[in-house]
Amino acid sequence: MALAIYPAMSFSVFPRFGINNILTKALTGGSSSRIVPSVTRSTTQMNMILRNLFGGGAFEQKIDYTTLDFPGNELGESAQAGTVLVNSVKKPNLALATFAGGCFWGLELAYQRVPGVEYTAVGYAQGKEEFPTYDQVCSGMTGHTEAVMVYYDPQQCTYETLLDTFFDRVNPTTVNGQGNDFGKQYRTGVYFHTPEQEAIAKARFEKEQSKYSRPIASELKEATPFWPAEKYHQQYLEKGGRFGMPQNASKGATETIRCYG
C-alpha cells in the first residue's frame, strides 16, 4: 500500500502554552524551509541555536530518567542505549507498542482504560535528537512526535485492540496535527516493534483507507528509541490535568476525555 508523503509545515502552532512562530522565523530567516539539525553525542546544532536565542535555561536541561516511575525509568535506560524494546525487561510477559495521536495526554488516558494494558508512558518518538525535552520538541526542531508507549499483556489484549483505540481517537487523514494542536511534533503514527505488529498494522491501514476519500497521513514506520517525557506529563489527565480535575482511568471507562484536563 502506498502512503502519501506530505511536506513539513512551515511553522507550528502550540495552543496549550501559547508559543508562537517567532522561533521558526528566526531559525529559517522567514523562509518556508525547515532546518533539520544534525545528530551528535553532545551539544546539537539545535541546542546551540536555542541557547543563542534564549540563553540556555530549560532548553538545555536534560530529563533525569532515574526519577521516573516504571516504565519511564526502563524506557529512559533503553533510549540511552539506543535500543527499542519488544518486551519489558522488568516484566517480560508484557509486550510494547508505540502510538502517536496528537497531544499525548488524551491518547495516554484512552490507553490506560483498555483492559490488558498494564502500563503507559508518554514521551517523544521518531526523532533524531538525543535526550529531547518538552521545550525542545515543542520548538518543532527535533523531529520527534508526542507519543504513548503501551505495555500490554498479549494474553489479555491483542495488538488489533490497541489499533482500535488509535483509530477511534484520531482522524488519520489530518496532516501534522490533531484537534487544536498542529505542528510536526503532533503528527500521528503507528510505530511497530516487531514484524508481526508491522503486518497487522499494514492490513489495518489498508482497511481504514477504504473509509476515506483523502489519503491517510498517519505514519506507519518501524519504532525508533522512545525518550520518556518529564515526570509531570506522565498520566497527566488521570492526576488532574491543568485544572486539577482528575479523569477516570479505570478499565472500560467511557467518559469523554477532556484533552487538556
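User: Which residues of helix 3 are buried, and what covers them?

Analyst: This is a predicted model. Helix 3 spans residues 72-80, and its buried residues are Gly72, Glu74, Leu75, Gly76, Ser78 and Ala79. Their cover includes strand 1 (95-100), strand 2 (117-125), strand 3 (145-152) and strand 8 (227-228). After helix 3 comes Gly82, with a positive phi near 75°.

User: What is the strand order of the open sheet, and what makes strand 7 and strand 8 its edges?

Analyst: The order is 7-6-1-3-2-8, with 6 strands and mixed pairing. Strand 7 (219-222) and strand 8 each have a single partner strand, so one side of each has no neighbour in the sheet.

User: How do you know that strand 2 and strand 8 pair?

Analyst: Pairing takes at least two bridges. Strand 2 and strand 8 have 2 bridges, in the antiparallel sense. Tyr124 stands opposite Trp227 of strand 8.

User: What makes strand 6 a partner of strand 1 and of strand 7?

Analyst: The cut-off is again at least two bridges. Strand 1 and strand 6 share 3, antiparallel. Thr98 has Tyr191 of strand 6 as its bridge partner. Strand 6 and strand 7 share 4, parallel. Here Gly189 is bridged to Glu219 of strand 7. Within strand 6, Gly189 and Tyr191 point one way, Val190 and Phe192 the other, and all are buried.

User: Which strands do helix 4 and helix 7 lie across?

Analyst: Helix 4 (residues 104-112) lies across strand 1, strand 2 and strand 3, at about 160° to strand 2. Helix 7 (residues 195-209) lies across strand 1, strand 3, strand 6 (189-192) and strand 7, at about 155° to strand 6.

User: How many aromatic pairs are there in the whole structure, and why is the one of Phe131 and Trp227 called tilted?

Analyst: The search finds 12 aromatic pairs. The ring centres of Phe131 and Trp227 are 5.0 Å apart, and the planes meet at 50°. Pairing needs centres within 6.5 Å; stacked is under 30 degrees, edge-to-face over 60, and tilted is the rest. So this pair is tilted. Phe131 lies in the loop between strand 2 and helix 5 and Trp227 in strand 8, so the pair ties together parts 96 residues apart in sequence. Both residues are buried.

User: What makes Phe167 and Phe205 an edge-to-face pair?

Analyst: Their centres are 5.5 Å apart and their planes stand at 75°. The angle cut-off is over 60 degrees. The pair is therefore edge-to-face. Phe167 belongs to helix 6 (residues 159-169) and Phe205 to helix 7, so parts 38 residues apart in sequence are tied together. Phe167 has a relative accessible area of 8% and is buried. Phe205 has 0% and is buried too.

User: How do you know that the charged end of Lys62 sits over a ring?

Analyst: The call needs NZ within 6 Å of the ring centre and within 35 degrees of the ring normal. The charged end of Lys62 is 4.2 Å from the centre of the Phe131 ring and sits over it. Lys90 does likewise over Phe70, at 4.9 Å.

User: Which residues have the most contacts inside the largest nonpolar core, and what does Leu162 touch?

Analyst: That core has 45 residues, and Phe99, Tyr111, Tyr159, Leu162 and Val190 have the most contacts inside it. Helix 4 gives the most to this core, with 6 residues. Leaving out residues up to four places away in sequence, Leu162 touches Ala97, Phe99, Tyr111, Val117, Val150, Tyr152 and Cys157. Another core, of 14 residues, lies apart from the largest one; Leu75, Ala100, Ala121 and Tyr191 are among its members.

Terms used. Residues are numbered from 1 along each chain as its sequence is written. This is a predicted model: local features need pLDDT of at least 70, side-chain atom pairs count only at pLDDT 80 or more; totals for chains, interfaces and linings use all residues. Side-chain values use heavy atoms; hydrogens and water are left out. Buried means under 20% relative accessible area, exposed over 50%, partly exposed in between (1.4 Å probe, protein chains only). Contact means heavy atoms within 4.5 Å. Axes are lines fitted to C-alpha atoms, for helices over the stretch in contact, and angles run from 0 to 180 degrees between N-to-C directions. Rings of Phe, Tyr and Trp (its six-membered ring) pair if their centres lie within 6.5 Å; planes under 30 degrees apart count as stacked, over 60 as edge-to-face and the rest as tilted. A nonpolar core is a set of buried Ala, Val, Leu, Ile, Met, Phe, Trp, Tyr and Cys residues joined through side-chain atoms within 4.5 Å.
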